[in-house]
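Here's a quick tour of a protein chain for you to follow along with.

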Amino acid sequence: MRKIGVMRNIGVASRIGVISFAGLLLVGLTGSGALAAQGNTNGAAGQMPAFYEGRLVTVNMFEVPAAEGSLLDKNPSINTIYASNDLDEEQDLVPVIDAIQGEEFSPLWQQVLIVFNPGSTPHQFTSEAQILASAGGAHPEITLVATDEVYRCSVVGQK
């Protein structure tokens, strides 16, 4: 009499159940579920679209936690990224950057939040010039709020 492997005697539905249970157990024990959902922001999960002078590009970024305040004081060549929300949150509008590689580019970026003033309708900006024009004048449309958050950012592609 030939022996048949244990898994051959178990039905397909039972095998799927065993595999699913093992996978859930692994995720539950390691906490990998949260990491898988969030993604690793040091790789492709940290990519987002941004505008530079009217062109949509893709940037890869992550916050530099130890940099808050200290890098801003010590490094005069930090670039600016304008955002509608904290960059750690989902964006209402696509962020705008003020430089790309080859044009006074620094890998460090200070986050500046765009706040629409009362009576102004939020809309998408596509360049730093538009943002600065909207923040100036006798009746500015927006207020710019510089934060102490610094991000490491690189332009990784154009859309």
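Let's start with how the chain meets itself: of its contacts with a separation of 6 or more, 69% are between residues 24 or more positions apart.

**The overall layout**
- The protein chain has five helices and six strands.
- Out of 159 residues in the chain, 32% are buried.
- The accessible surface comes to about 9900 Å², and carbon and sulfur atoms hold 58% of that.

**How confident is the prediction?**
- On average the chain gets a pLDDT of 75, with 68% of the residues scoring at least 70.
- Residues 1-44 are a stretch to treat as such: pLDDT stays under 50 there, and the model gives them 17 contacts beyond four places in sequence.
- Among the elements, helix α3 (residues 32-38) has the lowest mean pLDDT, at 36, while helix α5 (residues 128-135) has the highest, at 98.

**The nonpolar cores**
- The largest nonpolar core is made of 15 residues, and those with the most contacts inside it are Val57, Val59, Met61, Ile81, Leu87, Ile97 and Val155.

**Zooming in on glutamine 110**
- You'll find glutamine 110 in strand β5 (residues 108-116).
- Is glutamine 110 buried or exposed? Its relative accessible area is 19%, and because the cut-off for buried is under 20%, glutamine 110 counts as buried.
- What does its side chain reach at 2.7 Å? That would be the backbone oxygen of threonine 147.
- Skipping neighbours within four places in sequence, glutamine 110 is in contact with Leu72, Ile78, Asn79, Thr80, Ile81, Ala146, Thr147 and Glu149.

**Zooming in on leucine 113**
- Leucine 113 is in strand β5 too.
- Leaving out residues up to four places away in sequence, leucine 113 touches Ala83, Asn85, Asp86, Thr143, Leu144, Val145 and Thr147.
- Leucine 113 and leucine 87 are 26 residues apart along the chain, and their C-alpha atoms are separated by 9.2 Å.

Methods:
Residues are numbered from 1 along each chain as its sequence is written. This is a predicted model: local features need pLDDT of at least 70, side-chain atom pairs count only at pLDDT 80 or more; totals for chains, interfaces and linings use all residues. Side-chain values use heavy atoms; hydrogens and water are left out. A nonpolar core is a set of buried Ala, Val, Leu, Ile, Met, Phe, Trp, Tyr and Cys residues joined through side-chain atoms within 4.5 Å. Buried means under 20% relative accessible area, exposed over 50%, partly exposed in between (1.4 Å probe, protein chains only). pLDDT is the predictor's confidence in each residue, from 0 to 100. Helices (H or I, at least four residues) and strands (E, at least two) are DSSP runs, numbered from the N terminus. Contact means heavy atoms within 4.5 Å. A polar contact is a pair of N or O atoms within 3.5 Å; within protein, one must be able to donate a hydrogen and the other to accept it, and residues adjacent in sequence count only if both atoms are side-chain atoms. Accessible areas come from the Shrake-Rupley method with a 1.4 Å probe; for residues, only the protein chains shown count as cover.
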